[in-house]
Amino acid sequence: MKKAIIVVYGKDRTGIVYNVTKILYENNINILNIKQTIADGYFNMMCIADVSHVKSLSKVKDALEEHGAKSGLNINFQLEDAFTAMHVL
């Protein structure tokens, strides 16, 4: 299974989870684990997703980044292997 880590944060408002997960759904991505918090009006979400059946990871990354830019959110999409390599001590 090929996994990705998706991190979203920004000022809280209605529809953040819907809009991000809609992009994942449209690209055949299954969410394996999702956690979110809201602190002092700021939304934070991290999810681990199965990207094994995605045809174009760059298309997904571009769609998430475009949505983030339009909506004032910071969205980071990274393959699990790269994420793990960056965080190994």
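A word on the source: the model is predicted.

I'll start with the layout. The protein has three helices and four strands. Read from the N terminus, the order of elements is β-α-β-β-α-β-α. Two of the helices will come up again: helix H1 covers 16–26, and helix H2 covers 57–71.

Next, the overall dimensions. The C-alpha trace spans about 35 × 35 × 20 Å along its principal axes. The radius of gyration is 13 Å, which agrees with a compact globule, because 89 residues packed that way would give a value near 12 Å.

What share of the residues counts as buried? The figure is 30% of the 89 residues. As for the surface, the protein exposes about 5900 Å², and 52% of that comes from carbon and sulfur atoms. On contacts, take those with a separation of 6 or more: residues 24 or more positions apart account for 66% of them.

Now the largest pocket. It holds about 160 Å³ of space. Which residues line it? The lining consists of Asn19, Lys22, Ile23, Glu26, Asn27, Ala63, Glu66, His67 and Lys70. Helix H1 and helix H2 each supply at least two residues of that lining. By type, the lining divides into two nonpolar, three polar and four charged residues.

Histidine 67 lies in helix H2. Is histidine 67 buried or exposed? Its relative accessibility is 15%, and the cut-off for buried is under 20%, so histidine 67 counts as buried. Setting aside residues up to four places away in sequence, histidine 67 touches Asn19, Val20, Ile23, Leu73 and Ile75.

Which residues does aspartate 50 contact, leaving aside neighbours within four places in sequence? They are Met1, Lys2, Asn28, Ile29, Asn30 and Leu32. Isoleucine 31 is 19 residues away from aspartate 50 along the chain, and the two C-alpha atoms are separated by 6.3 Å.

Key
Residues numbered from 1 in each chain as written. Predicted model: local features only at pLDDT ≥ 70, side-chain atom pairs only at ≥ 80, totals over all residues. Heavy atoms only, no water. 1 Å grid on protein atoms, 1.4 Å probe; cavity = no way out; pocket = protein on both sides within 12 Å on 5 of 7 lines; lining within 4 Å. Points joined across faces, edges and corners; volume = space filled by probe spheres on them. Nonpolar A, V, L, I, M, F, W, Y, C, P; charged D, E, K, R; others polar. Rg over C-alpha atoms; globule rule 2.2 N^0.38 Å. Buried < 20%, exposed > 50% of the residue type's maximum accessible area, 1.4 Å probe, protein only. Contact = heavy atoms within 4.5 Å. Areas by Shrake-Rupley, 256 points an atom, 1.4 Å probe, with all protein chains shown as cover.
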